[in-house]
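An explanation in running text follows the display.

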Amino acid sequence: MTSRTVTLLDVARAAGVSKSTVSDALQGSGRVAEATRDRVRAVAEELGYRPNSAARRLRRASTGAVGLHLPATATRLDYYMNLAFGAVERAQEDGLDMMLLGPSGAAGGRIASRVDGLLVIDPESGDSAVPGLLDAGVPVVTGERYLGPAGGPSGAVVCDNAASLTALLDHVTERGARRPAVLAPSGSSAWATALRATAGSWGRARGVPVTLRTVPFAATPAEAEAATRELLAADPAVDAVICAPDGSAPGVLRAAAALGRPVGRSRGSRSGNGSGHGGEGAGPGGTGATADGSSGAPLLVASCVDGTATRGAEPPVTAVDLRPAAYGRACAALLCDILAGRTAPDTVRGHAWSLEIRASTGPSAAPAGP
């Protein structure tokens, strides 16, 4: 049987059953006794039978493909490219091709005829393409929740974005910051909405003033630099800047360098020869700042999204690793499970992140000792 492709008829003859019984046994359908089902599967494995995926898709009116919808800014962001590769890899494990949809999406009926399901990543409630995708008539899994008015997806994979920003704010205050600021993303995605809300709620809960500035969802380093200069000029007492958009952290570092703000240690840090807050000749907020925000006071810098830009910066930037490739795999895995009937619709799965601490928020605490 090794010299040619093994067919259903070959398996049926070897197992002593009909061709339809073999088909039902291998697909887990029909009324087939458990002992017969086990025997057929054992014979199929022994003969090296492999299902004809093209024929199987035709019988099920399946396309063998799923669609992937990313935000319009995705093509220039490292995060989404890694996510897409992870999703493609996982879909292929279930024999599914991945079709990348244009930023405008497609009409629901038309896209439904071309794919078995859809992945919609970071859906914005203001994205006119999203309602049509959610109503396309095929299973839809979103990466993060959809906050818009259209019907909900068949499933979702979510991160605890409030917890990740909380971890960053806790970290910089533990390193001595007393006036943190957040460059939060604009837009109506669940990620952007959670970060803006958390910046306010964290500050109120801890009695620590948090300066919030809104920047574009996919702010460039130049836009982040300009926003940081304006921020420090308006509030020179700021001693930590957490920037949200992927790849924007180098802009914050450039602004700090231009203003003479050394990055990596807060003025309130107890590390080394830290001397507490303020000091002789200190200006507003105890920084000795000038009108343009330059003061020589140290500044901590962190990012809500890890990537090449944060790891390769000088100094390397503390960041939240959202594990985008693994996130893409998780989204595709949930869609595959729903399509295959392994998971019920309306399933929501969580995705873990980690905090990567680097030199931009100061050296690690010295080990305890005599």
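## A helix, a sheet and a core

Helix α13 is followed by Gly341, which has a positive phi, near 80°. The model described here is predicted. From its first C-alpha to its last, α13 reaches 24 Å over 17 residues, close to the 24 Å expected at 1.5 Å a residue.

At the other end, Arg323 is found in the loop between β10 and α13. Phi of Arg323 is also positive, near 50°, in a residue other than glycine. Arg323 is partly exposed, with a relative accessible area of 34%.

One pairing can be followed in detail. Strand β3 (residues 117-121) and strand β4 (residues 140-143) run parallel and are joined by 4 bridges. Ile121 stands opposite Gly143 in β4. In the loop between β4 and β5 lies Glu144. Phi of Glu144 is positive, near 80°, in a residue other than glycine. With 6% relative accessibility, Glu144 counts as buried.

The buried residues of α13 include Tyr327, Cys331, Leu334, Leu335 and Ile338. Another of them is Cys336, with a relative accessible area of 3%. In the largest nonpolar core, which has 48 residues, the members that touch the most others are Leu70, Tyr80, Leu119, Leu165, Ile242 and Cys304. The element that gives the most to this core is α13, with 7 residues. Apart from this core lies another one, of 20 residues, among them Ala181, Leu231, Leu232 and Val252. As for Leu70, its contacts are Tyr80, Met81, Leu83, Ala84, Leu100 and Ile121, leaving out residues up to four places away in sequence.

How many disulfides does the structure hold? The number is 0. Cys243 is buried, with a relative accessible area of 0%.

Two further places deserve a look. A cis peptide bond joins Glu314 and Pro315, with omega about 0°. Pro315 is found in the loop between α12 (308-311) and β10 (318-321). The other place is Thr361, in the segment after β12 (354-356). Is Thr361 buried or exposed? At 1% relative accessibility, Thr361 counts as buried, because the limit for that class is under 20%. Leaving out residues up to four places away in sequence, Thr361 touches His171, Val172, Arg175, Gly264, Leu300, Val301, Ala302 and Thr318.

Terms used:
Residues are numbered from 1 along each chain as its sequence is written. This is a predicted model: local features need pLDDT of at least 70, side-chain atom pairs count only at pLDDT 80 or more; totals for chains, interfaces and linings use all residues. Side-chain values use heavy atoms; hydrogens and water are left out. Two strands pair if DSSP finds at least two bridges between them. Helices (H or I, at least four residues) and strands (E, at least two) are DSSP runs, numbered from the N terminus. The expected span of a helix is 1.5 Å times one less than its number of residues. Buried means under 20% relative accessible area, exposed over 50%, partly exposed in between (1.4 Å probe, protein chains only). A nonpolar core is a set of buried Ala, Val, Leu, Ile, Met, Phe, Trp, Tyr and Cys residues joined through side-chain atoms within 4.5 Å. Contact means heavy atoms within 4.5 Å. A disulfide is a pair of cysteine sulfur atoms within 2.5 Å.
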